[in-house]
Amino acid sequence: MEGDNIRIDGARLWDSLMQMAKIGPGVAGGNNRQTLTDADAEGRRLFQGWCEDAGMTMSVDRMGNMFMRHEGTDTDADPVYIGSHLDTQPTGGKYDGVLGVLSGLEVIRAIRDMGLKTRRPIVVTNWTNEEGTRFAPAMLASGVYAGIHDEDFANSREDADGKKFGDELDRIGWRGDDPVGGRPMHAMFEYHIEQGPILEAENKQIGVVTHGQGLWWLQVTLTGKDAHTGSTPMNMRVNAGLGMARIIEMVHRVAMAHQPDAVGAVGQANVYPNSRNVIPGKAVFTIDIRSPELEKLNAMRAEIEAEAPKIAEELGLGIEIEPVGHFDPVTFDPGLVEVVRSAAEHLGYSHMNIVSGAGHDACWINRVAPTVMIMCPCVDGLSHNEAEEISPEWASAGADVLLHAVLEAAEVVR
């Protein structure tokens, strides 16, 4: 383990975060830099320029994943990767994903500043379309990398305007020539804000991420009959909105019945025709259930898929349920978990084990290479919101741990 005087430049990291936040600004202090938009392209160019200024070389694969390489003394050694994402939610914060990418850049800058050399190369990665808001599912390009999805599937994904992922990737000029996947990886680190309240509540600076929750997204379509809200008798209504409300309540009840370590909600919902004086004849919404325990996750899905049709039948509604997103619970590499924990202890940062409540690119890369995550707190656990906030001190502490963990994995040359 390197000396505790080896640190990143916290002020430089924070300045990089603030400079990136100027690209794709939101309306309330955050960011709207959705994947494969012009703002995404501009953010990529800024990141590329910074990396090249730090002596790194770029390659890009056919999914637009950016790989910025800092050479090691052994050019044939399997590299250590640091990766996260630059894309944001439509009303996203300045740190979700971005902190991990720019902290990777800061690790390389710090290594160069201090004249350190590592045997293994280090590669900082920006994974395309982690958020999945514009093009579902989430973690799309890292999923292709890990063999979860194929390229045709990814390229055919459409946004709300019918624009295809592949066409938009070509339009912004960020489709590379490299094949997707198959890169040798000694390890991958992903540094991220917690997106939950635990670290702040426990007054811990570092989350050592041991596991990631599994997830099911179930898209439900209810079909009833459009009718006038004022002239249709209550007993003659076929109300898709009412069915949606009852299913949402049922999802909450199922999640509560599987405590601890289970969550469930509906975050995306649409009713049609969405008029003030028309009873909805159609409702389309997505159920999001998660747990770090596979048996519990699948049990919740089974209960929901059994109960929802009963609710629909009682109200005279048609129902379709389609799985539109899934990953099993993740166990991160125990050896890398210990490297992160040791780095936090060596640096004197308070820390605790934590389970990631959100999906991340590391969850897919864990399928093909040893992977681990590091987390820092965020204020009130708020994320996917323009009010998302962290402190410069929190950002620096996690980046210091990342630096030391990466140096350990990449093998400093004495």
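Reader: Is Arg 171 buried, partly exposed or exposed?
Author: This is a predicted model, and the answer rests on computed accessibility. The relative accessibility of Arg 171 is 45%. Buried requires a value under 20% and exposed a value over 50%, so 45% falls in between. Arg 171 therefore counts as partly exposed.

Reader: Which residue forms a salt bridge with Arg 171, the closest N and O atoms being 2.9 Å apart?
Author: A salt bridge needs a Lys or Arg nitrogen within 4 Å of a carboxyl oxygen of Asp or Glu. For Arg 171 the closest N and O atoms of the pair are 2.9 Å apart. The partner is Asp 38.

Reader: How many residues apart are Arg 171 and Asp 38 in the chain?
Author: Arg 171 lies in helix α6, residues 165-171. Asp 38 belongs to helix α2, residues 38-53. The pair links distant parts of the chain, and the separation is 133 residues.

Reader: Is Asp 38 buried or exposed?
Author: The cut-off for exposed is over 50% relative accessible area. Asp 38 has 52% relative accessibility, so this residue counts as exposed.

Reader: Which residues are linked with Asp 38 and Arg 171 in a network of salt bridges?
Author: Side chains of opposite charge can pair when their charged atoms come close. Here Asp 38 and Arg 171 belong to a network of salt bridges.

Reader: Where do Arg 109 and Glu 106 lie, and what separates them?
Author: Their side chains meet in a salt bridge, at 4.0 Å from N to O. Both residues are in helix α3, residues 98-113. Because they are three residues apart there, the separation is about one helical turn.

Reader: Is Glu 106 buried or exposed?
Author: Its salt-bridge partner, Arg 109, counts as buried at 14% relative accessibility. Glu 106 has a relative accessibility of 0%. That value is under the 20% cut-off, so Glu 106 counts as buried.

Reader: What is the N to O distance in the salt bridge of Arg 253 and Glu 249?
Author: The two residues lie four residues apart in helix α8, residues 240-257, which is about one turn of the helix. Arg 253 is partly exposed at 44%, and Glu 249 is also partly exposed at 44%. Their side chains meet at an N to O distance of 2.7 Å.

Reader: Which residue in β4 stands opposite Met 68?
Author: Strand β2, residues 66-70, is mostly covered, with four of its five residues buried. Four bridges join β2 to the antiparallel strand β1, residues 57-60, and Met 68 is the bridge partner of Met 58. Five bridges join β2 to β4, residues 122-126, also antiparallel. In β4, the residue opposite Met 68 is Val 124.

Reader: Which residue in the turn between β1 and β2 has a positive phi?
Author: The two strands form a hairpin with five residues between them. The phi in question is about 85°, and the residue is Gly 64.

Reader: How are α2 and α3 oriented to each other?
Author: The two helices pack with their axes 10 Å apart, at an angle of about 15°. Angles under 35 degrees count as roughly parallel, so α2 is roughly parallel to α3.

Reader: Which residues of α3 meet α2?
Author: α2 passes α3 in a left-handed crossing. From α2, the contact involves Phe 47, Trp 50, Cys 51 and Asp 53. On the α3 side, the residues are Val 101, Leu 102, Leu 105, Arg 109 and Arg 112.

Methods
Residues are numbered from 1 along each chain as its sequence is written. This is a predicted model: local features need pLDDT of at least 70, side-chain atom pairs count only at pLDDT 80 or more; totals for chains, interfaces and linings use all residues. Side-chain values use heavy atoms; hydrogens and water are left out. Buried means under 20% relative accessible area, exposed over 50%, partly exposed in between (1.4 Å probe, protein chains only). Two strands pair if DSSP finds at least two bridges between them. Axes are lines fitted to C-alpha atoms, for helices over the stretch in contact, and angles run from 0 to 180 degrees between N-to-C directions. Angles under 35 degrees count as roughly parallel, over 145 as roughly antiparallel, 65 to 115 as roughly perpendicular and the rest as oblique. A crossing is left-handed if the near helix is turned anticlockwise from the far one by less than a right angle, and right-handed if clockwise. Contact means heavy atoms within 4.5 Å.
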